[in-house]
Amino acid sequence: MANTERIFGEDIFFNFIEVPFAEIEQQGNLVSRIKNKTLDGFIMKNVFNKAEVAELNDFLKAMKDGVAMNTPSGKIFPAPFATITNTEERLEGYYDMLGLFDAFKESNQSVGNLASRLDSFFKDVAKNYKVSVPINKIKNKEVAPGTFRMFYPNMGGLHVHCGNLFQAQSMFYYSLIKNDIDMDDQLSYFVVLQQAESGGELTIYDMLWENVKRKESPENNDFVIDDNDKAIYLTEVKNFAVKPQPGDILIFSGGPIWHRVEDIKGNIPRITFGGFLNFSNDNKELYYWS
Ligand SMILES: O=C(O)CCC(=O)C(=O)O
């Protein structure tokens, strides 16, 4: 496949496409195409306009210190599901932060707009599905629809991973979900709010969960371990870059495909709002969460 402005590299070996927002109707069910593996990912361009993106960035800049949670390479808000372990305390902390996010949806128009536009976007690109956020069965409340991810310069980006690996690490969280979600091969989504001056690309590796299911440690960003116990160095794996621009939404097969976010260079953080998507076991519903 040919390079585009946002999808580039020597060889684009997976089927990733760019779609102008105006073509959303003509393109039909893009999310189903990822499910049936005729498509691996798509960038819907300019779903949010410049003013909407600017307002969200202003909201995040004005957010008080200590509200977002620190991560190894920046900040995240609200708390990601990985913080939920089998202690009541953790679940309370998760819902305290999610309650704050819900309050921002009411008090800040740009956050409310982000949540509602995202929901209608998923309904548009997955037309024959009922779309919703999964319910936590203990609290009988929705989990987080997504998280703001702030990646700061020179802190390493997001190390190599795939969604199926995260699921394997967070079994407890998934056991708390009421809905009957197909847990294999989740999709990833994110909206870009601020792109890095340089760096911050999403690197897509020619490497799938079916052959590679392990890392030496969550932090390792140099190699993964394949099913024959062999270390596979990332410098030797074919790859290409995906760099959606502010206002774009990327959805891709992040469950089985190994990927990472390159380190951020320059002076400004890379900011996204994102999460995961997957289908119900009866293939009638689509869920999104983070
Ligand atoms: O929000 C981001 O940029 C990270 C996306 C990602 O790596 C994932 O969804 O697995």
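**Strands, a helix and a ligand shell**

Q: Which residue in S9 is the bridge partner of Phe77?
A: In this predicted model, Phe77 pairs with Phe148 of S9.

Q: How many bridges join S5 to S9, and which way do they run?
A: Four bridges join S5 to S9, residues 147-151, and the two strands run antiparallel.

Q: What about S4 and S5, how many bridges there?
A: Three bridges join S4 (residues 69-71) to S5 (residues 74-77), again as an antiparallel pair. In that pair, Met69 has Ile76 of S5 as its bridge partner. S4 and S5 form a hairpin, with two residues between them.

Q: Switching to H4, how many residues does it have?
A: H4 covers residues 109-125, which is 17 residues. From first C-alpha to last, H4 reaches 24 Å, close to the 24 Å expected at 1.5 Å a residue.

Q: Which residues of H4 are buried?
A: Ser110, Val111, Leu114, Leu118, Phe121, Phe122 and Val125 are buried in H4. Seen down the axis, the buried residues of H4 fall within an arc of 105°, so they line one face of the helix.

Q: Now the ligand. Which residues are around it?
A: Arg149, Leu158, Gly163, Ser188, Phe190, Gly254, His259, Val261, Thr272 and Gly274. Strands S11 (187-194), S19 (257-261) and S21 (270-279) are the elements that give two or more residues to this shell.

Q: What classes are in the shell around the ligand?
A: By class, the shell has three nonpolar, six polar and one charged residues.

Note on methods. Residues numbered from 1 in each chain as written. Predicted model: local features only at pLDDT ≥ 70, side-chain atom pairs only at ≥ 80, totals over all residues. Near = placed C-beta within 6 Å. Nonpolar A, V, L, I, M, F, W, Y, C, P; charged D, E, K, R; others polar. Pairing = 2+ DSSP bridges. Expected span 1.5 Å × (residues − 1). Buried ≥ 20, exposed ≤ 12 C-beta atoms within 10 Å, placed from the backbone. Arc of directions from axis to C-beta.
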